[in-house]
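Please look over the sequence and the structure before reading on.

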Amino acid sequence: MPSPPTSSRAPCSEDRLGAIARAWGYGASVQLQRPAGAMPRAPVLARGTIEAQQLASGIRLCRSDLRGACDQVRTADLPRSLTAFVMLDGAQLRWRHGAAARPRDGMAQAGVLAVHEHANLIETQRRGERSRTFVVQAVPDEILDDVLADQLQAALRRTQALPLDAGRGFGSASAAALSMDDAGGAISALLRESAALALLARAFQLIEAGAGPGGETRAVHPRDRQRMLHVRDLLMAQPEAAHTLGALAREAGVSVTTLKLRFPQVIGCSVFEFLRARRLDRARHGLLHEGWSVKQAAYYAGYRHPTNFATAFRRKFGAAPSQA
């Protein structure tokens with residue numbers, strides 16, 4: 001079930017920001033840039049609105065419209081996740097990969113941050129400065145759709161930050177979602193959710209297109225795309241075969257490195273993630289229509305232990321193999 005939005009229109013304190021961060025599973029901290037001694041114990045950081053919720057799919061979204069009450073630097077320690085954001089007002093975000101790394105600038109007013117293990121987001125806000133943001137985040141363990149969860153795992157193979165072209169309508173969609181009066185009820189909720197899904201879809205497109213060290217995208221050559229589709233078709237036709245990366249690469253006429261890089265870009269998951277999903281589909285068919293035992297289905301799907309097979313089966317189909 002989706003969680004109801006939790007919002008605050010009162011003055012925003014560090015405790016309030018910390019509560020949202022903890023609910024989203026990451027740490028947050030604030031460094032105030034004011035003379036020592038002029039600061040109360042629990043200073044007001046900003047005034048305005050901040051709202052966070054989780055959609056039925058497991059996707060998180062947060063919208064905020066805050067005006068700084070003092071000069072400050074806010075940091076967020078992100079876990080393994082895919083985050084897309086649009087900043088309608090405010091300074092550019094910076095990010096850092098690893099605690100010892102120097103902060104990097106240039107994430108623009110809209111961007112995508114794929115975090116393989118750990119990264120930091122850094123936002124600076126001056127007193128009186130307005131900051132309006134719309135953030136969408138997907139965490140692998142919380143996504144309920146298995147296809148989307150697999151695609152998300154493929155997108156998080158390495159940490160990278162990519163600029164997002166807000167000129168394609170994402171900025172206006174996010175602005176509408178932020179300015180929508182909650183009195184709109186279901187219509188307001190649908191507009192916010194559609195803006196969040198559009199933003200996340202664009203994030204996946206950017207990640208799948210590939211990116212170089214500087215953030216530039218590289219499209220997959222049509223010839224490589226056809227080769228990866230050939231590998232996919234081979235796996236679909238013969239899921240029971242003892243496939244290896246070397247044999248599949250030779251069949252496609254590419255190197256193993258190219259196969260490992262291009263297959264997730266074209267198909268959305270790794271070779272063996274795709275093969276495992278196809279074998280689970282075939283095992284389910286055997287259980288339902290061919291009288292297979294759970295042990296036979298587990299062996300076919302490549303699981304030595306039926307308990308591991310049962311866990312994977314339940315995650316993909318929502319029921320235990322014995323029920324099938």
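Not counting residues up to four places away in sequence, which residues does R282 touch? The model discussed here is predicted. In it, R282 touches E290, W292 and Y300. R282 lies in helix α8 and counts as partly exposed, at 27% relative accessibility.

**Aromatic pairs and a charge over a ring**

A search of the whole structure finds 2 aromatic pairs. They are set out below.

| Pair | Geometry | Centre to centre | Angle between planes |
|---|---|---|---|
| F263 and F274 | edge-to-face | 6.0 Å | 75 degrees |
| F309 and F313 | tilted | 5.6 Å | 55 degrees |

F263 belongs to helix α7 (residues 256–267) and F274 to helix α8 (residues 271–289), so their pairing ties together parts that are 11 residues apart in sequence. Both of these residues, F263 and F274, are buried. The ring of F274 also has a charged neighbour: the charged end of R278 sits over it, 4.6 Å from the ring centre.

The pair of F309 and F313 is placed within helix α10 (residues 306–317), where the two residues are 4 apart and thus separated by about one helical turn. An α-helix has 3.6 residues a turn, so residues three or four places apart point the same way. F309 and F313 are both buried.

In helix α6 (residues 245–252), the residues L248, A249 and A252 are buried. Viewed down the axis of α6, its buried residues fall within an arc of 100 degrees, so they line one face of the helix. Among the elements that cover them are α5 (222–237), α7 and α8. Just after α6, G253 takes a positive phi of about 75 degrees.

Leaving aside residues up to four places away in sequence, D224 touches V254 and R262.

Helix α2 (residues 146–155) has D146, A149, L152, A154 and A155 buried. At the start of α2, a side-chain oxygen of D145 reaches to within 2.8 Å of the backbone nitrogen of L148.

**Strand β5 and its partners**

Of the 9 residues of strand β5 (residues 60–68), 7 are buried, so the strand is largely enclosed by the rest of the structure. Strand β4 (residues 44–54) pairs with β5 in the antiparallel sense over 9 bridges. Within this pairing, C62 in β5 is the bridge partner of A52. The hairpin of β4 and β5 has 5 residues between the strands, and G58 there takes a positive phi near 100 degrees.

Strand β11 (residues 130–138) also pairs with β5 in the antiparallel sense, over 8 bridges. R132 in β11 is the bridge partner of D65.

Terms used. Residues are numbered from 1 along each chain as its sequence is written. This is a predicted model: local features need pLDDT of at least 70, side-chain atom pairs count only at pLDDT 80 or more; totals for chains, interfaces and linings use all residues. Side-chain values use heavy atoms; hydrogens and water are left out. Rings of Phe, Tyr and Trp (its six-membered ring) pair if their centres lie within 6.5 Å; planes under 30 degrees apart count as stacked, over 60 as edge-to-face and the rest as tilted. Buried means under 20% relative accessible area, exposed over 50%, partly exposed in between (1.4 Å probe, protein chains only). A charge sits over a ring if NZ of Lys or CZ of Arg is within 6 Å of the ring centre and within 35 degrees of the ring normal. A polar contact is a pair of N or O atoms within 3.5 Å; within protein, one must be able to donate a hydrogen and the other to accept it, and residues adjacent in sequence count only if both atoms are side-chain atoms. The arc is that of the directions from the helix axis to the C-beta atoms. Contact means heavy atoms within 4.5 Å. Two strands pair if DSSP finds at least two bridges between them.
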